[in-house]
Amino acid sequence: MSRIEELAAFASSATGRPLGAGTTQEYDELWAWSVTDLDAFWSLAAEHLGFPLPGPALAEERMPGAVWFPDARVNYAAAVLDGRPDEEVAVVGVTEDPSAARALTWAELRRRTASLAATLRGLGVGEGDRVVAFLPNTPDAIVGLLATASLGAVWSVCGMDYAASAARARFEQLDPVVLLHASSYVHGGRRHDRTEVVAELASALPTLRATLEVGTPAWEEATGADLPFAPTPVPFGHPLWVLFSSGTTGRPKGIVHGHGGALLEQAKVAAYHFDLGPGERLFWYTTPSWMMWNFVVGGLLTGASVVAYDGSPAHPATDGLWALAARHDVTVAGMSPGYVAACQKDGVGPAGHDLSRLRRVGISGSTFPATSHEALQSELGPGVQICSISGGTDVVSAFVGPAPTLPVWPGELSRPCLGVALDAYDPAGAPVRGEVGELVVTRPMPSMPLRFWGDDDGSRYRDAYFATYPGVWRHGDWITITDHGSVVIHGRSDATLNRNGIRMGSGDIYEPVEALPEVREALVIGVEEPDGGYWMPLFVVLAEGVELDEALDARIRDAVRTHASPRHVPDVVIQAPGIPHTRTGKKLEVPVKKVLAGQDLGAAYDPGSVDDPELIDWYRTVGRSRRTR
């Protein structure tokens with residue numbers, strides 16, 4: 001029996017309601033109950049997950065500002081570590097060198113966490129102080145988070161691929177007292193030295209009392225003492241960590257989540273939607289800068305073990321992640337649509353790897369095209385479920401996703417997650433079905449932000465999510481809720497294509513174009529012009545040795561026309577040297593739209609938050625050329 005079915009039986013017994021989760025209809029009834037009676041659902045889910053909390057669950061319902069479990073005292077690190085079997089593996093640290101893998105048992109993870117917590121306490125770190133980290137995805141980063149959380153201090157981390165300016169733009173807002181860091185990270189077959197970047201970053205943070213470098217004798221001393229684990233109980237809404245927005249369209253927003261909300265939401269998704277628990281192993285390709293890193297750590301809340309990988313997804317070969325999943329007996333593996341597409345174009349993938357333990361493949365980061373889904377499912381076979389999810393840094397969780405008992409439709413996400421009162425609204429705030437609408441959440445979620453860091457009056461927080469539909473969370477994605485209850489994600493509503501009053505999702509164009517073997521990646525932008533016109537160019541990055549000629553141009557247009565519609569066909573196809581992304585791999589549609597239109601990105605734009613900042617200048621030149629013709 002799956003864990004979601006166990007929850008349904010538990011809730012049915014507790015409430016007297018006939019609840020199940022074994023069929024789509026039963027899931028829909030369970031979901032409807034979960035968003036209708038939030039108090040009962042979250043109380044029972046917390047108990048079933050192993051974290052019983054005194055009620056009420058939802059003491060004050062409002063958005064923003066809902067009050068959850070006001071009488072509870074919790075600690076995220078305690079929820080991860082307490083009661084786990086000492087000798088079983090908790091975390092496997094992996095690099096591009098398979099022989100260098102190292103495993104931490106639950107006992108060792110607990111001991112290292114307790115030791116580092118004592119070290120931090122000795123440095124004067126207490127409740128509410130900020131500990132920041134500039135680290136790769138290794139077990140040491142997980143130890144750092146858990147030690148910080150155990151003290152009631154506040155954690156924030158950036159991956160080591162960030163420039164000093166990008167990390168500084170985030171950390172300097174927090175006035176941190178301790179910086180944990182490494183001196184290098186591994187990617188693409190070589191070690192990248194970051195000693196100078198670390199020195200620059202540390203010198204820019206005047207509130208630091210100390211720095212600790214992992215992999216040194218000082219770090220081993222800091223984490224090597226044999227001390228009891230003694231976490232500090234804190235209120236349910238006590239700040240746990242600060243996650244930052246991309247920073248590509250303004251100063252990065254520091255999004256503050258609480259201990260209780262994060263642990264309940266993450267445990268819910270991991271246990272009920274991915275069926276994780278003891279004996280399972282979760283791996284998701286991510287960096288510490290992306291909320292999926294936090295999601296992976298959250299997998300520990302179910303008693304599952306996790307894999308932390310520092311390296312390139314395609315080293316030494318494109319199918320590197322599949323090899324890793326096979327080598328480490330992964331049961332749930334997560335990756336991006338782009339990685340799956342790259343494997344398919346190279347003719348590699350799960351075939352040839354012993355993935356007998358694999359039960360689910362998670363997909364996140366962008367829309368997963370139906371064609372890629374179908375091809376991957378064919379390779380995996382019917383015994384492995386493809387699990388697309390969509391959520392955000394904003395809630396450090398998922399709004400929509402899978403469940404082990406739900407069907408999966410290629411190009412669609414199976415259902416809204418339990419406890420998420422998701423809907424699609426038209427501009428007037430009316431629910432819509434079978435057509436594009438704004439993704440909204442009409443009732444609170446425990447992991448909605450406590451606040452934005454430094455937003456003392458709450459105005460930035462309210463403007464970000466509640467200005468369009470007062471009292472209702474507007475996430476900023478275009479979605480369609482289908483007639484069979486699934487959800488299609490079309491892309492960001494602030495980057496949506498709006499041609500002659502017709503809204504279109506960029507994903508509908510990317511899918512057929514990026515399926516062409518000649519195209520590595522595509523970017524479509526809609527630009528409103530001063531004369532009232534609308535210019536919709538499609539930029540394509542082509543495979544090595546391929547040039548854009550009339551025949552390929554025609555094939556691209558025909559693919560869009562056939563797969564989407566004639567109105568989706570771009571005005572022009574332009575060969576580009578590259579597509580700029582955030583450091584977490586998302587296409588920079590909004591900044592590119594601005595520079596094409598001749599708008600200034602402003603002083604708040606940080607090139608360090610972009611994987612290839614010089615590309616922005618290339619697009620700016622294209623826009624200037626367009627305007628001067």
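**Helix packing, backbone exceptions and cavities in a predicted model**

The axes of helix α1 (residues 3-15) and helix α2 (residues 24-36) come within 12 Å and cross at roughly 55°. On the α1 side the contact is made by Ile4, Ala8, Ala11 and Thr15, and on the α2 side by Tyr27, Leu30 and Trp33. By class, the residues of this contact are 6 nonpolar and 1 polar, with no charged residue. The model described here is a predicted one, and the angles and distances should be read accordingly.

Two packed helices are described by the angle between their axes and the distance between the axes. Helix α7 (residues 164-171) and helix α8 (residues 195-203) have axes that come within 9 Å and cross at roughly 30°. An angle under 35 degrees counts as roughly parallel, and α7 and α8 are therefore roughly parallel to each other. Their crossing is right-handed. In α7, the residues Ala164, Ala167, Arg168 and Phe171 meet Val197, Glu200 and Leu201 of α8. The residues of this contact divide into 5 nonpolar and 2 charged, with no polar residue.

Helix α16 passes α17 in a right-handed crossing. From α16, the residues Asp508, Ile509, Glu511, Pro512 and Val513 take part in the contact, and from α17 the residues Ile556, Ala559, Val560 and His563. This contact comprises 6 nonpolar, 1 polar and 2 charged residues.

Most residues other than glycine have a negative phi, and most peptide bonds are trans. Against that background, the peptide bond from Gly55 to Pro56 is cis, with omega near 0°. Pro56 is located in the loop between α3 (38-48) and β1 (58-60). A cis peptide bond also runs from His315 to Pro316, with omega near 5°. Pro316 belongs to the loop between β16 (305-310) and α12 (320-327). The loop that lies between α12 and β17 (332-335) contains Asp329. Phi of Asp329 is near 55°, a positive value in a residue other than glycine.

A search of the whole structure finds 2 cavities of 30 Å³ or more. The largest cavity has a volume of about 40 Å³. Its lining consists of His373, Ile386, Cys387, Ser388, Pro402, Val408, Glu412, Leu413 and Ser414. Strand β19 (residues 385-388) gives the most to this lining, with 3 residues. By class, the lining of the largest cavity has 5 nonpolar, 3 polar and 1 charged residues.

Technical notes:
Residues are numbered from 1 along each chain as its sequence is written. This is a predicted model: local features need pLDDT of at least 70, side-chain atom pairs count only at pLDDT 80 or more; totals for chains, interfaces and linings use all residues. Side-chain values use heavy atoms; hydrogens and water are left out. On a 1 Å grid over the protein atoms alone, a cavity is a set of points where a 1.4 Å probe fits but cannot get out, and a pocket is an open set with protein on both sides within 12 Å along at least five of seven lines; lining residues have an atom within 4 Å of a point. Grid points are joined across faces, edges and corners, and a volume is the space filled by probe spheres set on the points. Helices (H or I, at least four residues) and strands (E, at least two) are DSSP runs, numbered from the N terminus. Ala, Val, Leu, Ile, Met, Phe, Trp, Tyr, Cys and Pro count as nonpolar, Asp, Glu, Lys and Arg as charged, and the others, Gly among them, as polar. A crossing is left-handed if the near helix is turned anticlockwise from the far one by less than a right angle, and right-handed if clockwise. Contact means heavy atoms within 4.5 Å. Axes are lines fitted to C-alpha atoms, for helices over the stretch in contact, and angles run from 0 to 180 degrees between N-to-C directions. Angles under 35 degrees count as roughly parallel, over 145 as roughly antiparallel, 65 to 115 as roughly perpendicular and the rest as oblique.
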